[in-house]
Amino acid sequence: MKMIHASNTQDQQLLEGILNADNQAIEAIYSLALPAVISWVKENNGSESDARDIFQEALIALFRKVESGEFKLTCTLKSFLRIMCRNLWLSRLRNKQNQASSLDGIETVDLDADLESRLEQSEKEQLFFKHFDLLGENCRKIMQWFFEKVPLKQIAEKLDTSESYIKKRKFICKEKLVKAIQNDERFEELR
Amino acid sequence: MTDDVKYDLIEKYLAGVMSETERSNFENQLSTDSSLQEELNLHRQVAETLKGEKVHELRSVLKEVDKKWQSPAEKKEGKVVGFPFRKMLSIAAALLVLVVAYFVISPSLNNSQENLFASNFEPYKMVLNQRSLLPNPETEWMRPAVNKAISAYNAKDYAEASKLFQSLSTETPDANAFQVYAAISELSLGHSDQAIVILEKLVEDAPPLFIEQSRWYLGLAYLQKEDNVAAKSQLQQIKSGAFKYDEAQKMLKSL
């Protein structure tokens with residue numbers, strides 16, 4: 001049982017919506033919080049598309065945080081997402097060194113250490129997702145079950161094939177994924 | 001250490017199922033081999049990121065909502081929502097005139113493109129040879145699947161052939177030949193868009209031999225799609241002496 005505490009009922013419902021990947025709740029969160037994020041990113045050397053990207057990353061990081069156990073929202077969800085996006089965007093700009101001069105005077109706001117480290121990993125996660133999405137459907141299924149620690153024998157039963165076949169395919173799919181990530185030029189920069 | 005042995009060790013280590021001796025040997029290796037250490041970290045992070053169905057579900061909902069959702073600025077500009085009804089009506093009327101004109105004028109145009117495609121397209125003959133394709137015992141297990149795909153292609157069951165070749169191409173890093181046949185199968189079915197996706201990737205990064213073939217079929221795919229500009233651009237890139245050079249030159253004249 002995940003424990004979620006928000007200061008008002010609407011935010012409580014929206015957080016539960018994130019946890020359940022609920023379409024309507026996500027739409028409501030977009031309308032609630034994204035316009036302010038877009039304005040702020042645009043004022044700070046970014047575009048609407050940058051804002052949309054980091055907003056998605058923030059929602060995934062928040063999902064993981066809520067999913068991992070007890071989560072207490074100490075301000076409104078709208079402010080919380082704004083802080084997450086702000087920190088994410090500032091760290092992106094800092095990584096592009098040529099932008100550093102324009103950041104004088106803007107500081108990140110402290111979040112809890114766990115969430116902060118999730119945000120730090122988020123660009124790398126996007127890279128993993130990108131290459132995972134490029135795998136064939138069967139490979140994706142096998143990899144997902146394997147990472148979930150479903151026994152190979154059970155995966156073979158689900159796909160109506162032999163365990164030895166799944167073992168070979170798992171290796172080929174994983175090798176394809178790992179090599180694609182390692183060969184991506186962004187991977188070196190994110191290490 | 002080969003990749004399969006390395007992956008096996010990493011997975012056993014991460015799953016915590018090594019014997020005491022195996023674990024201490026592996027940890028010794030880790031302490032002296034920084035690339036192994038990095039690889040272990042990558043495997044751990046990838047597994048952490050990708051496990052669980054819910055996060056993938058959330059990502060697909062996010063993509064969907066992001067596509068639909070409009071910022072207040074976009075709404076104000078009236079990209080779709082909030083378009084004045086009267087303006088929309090007059091645009092609809094103008095579009096209708098264009099559509100009618102297209103159908104009155106275009107049959108000759110469509111016919112000539114169709115003819116050009118029909119007179120030039122033929123599915124590439126099946127030259128895949130299981131022995132050369134599957135030279136080592138590592139890929140031996142793929143043999144029945146390759147056999148099935150080749151038979152479907154030869155029997156002109158292109159829907160099945162495309163499906164089988166595409167699934168084979170995810171199983172081996174050396175998948176160019178499978179992809180070419182998948183694309184030709186799509187083209188045979190009239191699915192130019194699907195063929196284009198596969199062929200565009202091949203002309204980007206396949207070895208030269210595959211690029212030549214792919215370029216020709218990509219030209220035909222664009223022709224099928226009635227995109228003459230893109231078709232020409234592909235055909236013009238076929239070099240003298242390459243696969244289908246003469247045919248490409250003839251087609252360029254007709255276009």
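A disulfide here is a pair of cysteine sulfur atoms within 2.5 Å. Keep that in mind for later. What you have above is a predicted model, where local features need pLDDT of at least 70, side-chain atom pairs count only at pLDDT 80 or more, and totals for chains, interfaces and linings use all residues. Residues are numbered from 1 along each chain as its sequence is written, chains are lettered from A and ligands numbered from 1 in the order in which they are written, and side-chain values use heavy atoms, with hydrogens and water left out.

Let's start with the overall layout. Chain A has ten helices and two strands, taken as DSSP runs numbered from the N terminus (helices are H or I, at least four residues; strands are E, at least two). Walk along the sequence and you read β-α-α-α-β-α-α-α-α-α-α-α. Of its 191 residues, 48% count as buried, meaning under 20% relative accessible area, with exposed over 50% and partly exposed in between (1.4 Å probe, protein chains only). As for contacts (heavy atoms within 4.5 Å), take those in chain A between residues at least 6 apart in sequence: 61% of them join residues at least 24 apart.

Now for the cysteines. The whole structure holds one disulfide over all chains: Cys139(A) pairs with Cys173(A), sulfur atoms 2.1 Å apart. The link is left-handed, with -80° about the S-S bond. Cys139(A) sits in helix α7 (residues 137–147) and Cys173(A) in helix α9 (residues 163–183), so the pair ties together parts that are 34 residues apart in sequence. Cys139(A) is buried at 0% relative accessible area, and Cys173(A) is buried at 0% too. Elsewhere, Cys85(A) is buried at 2%, while Cys75(A) is partly exposed at 24%.
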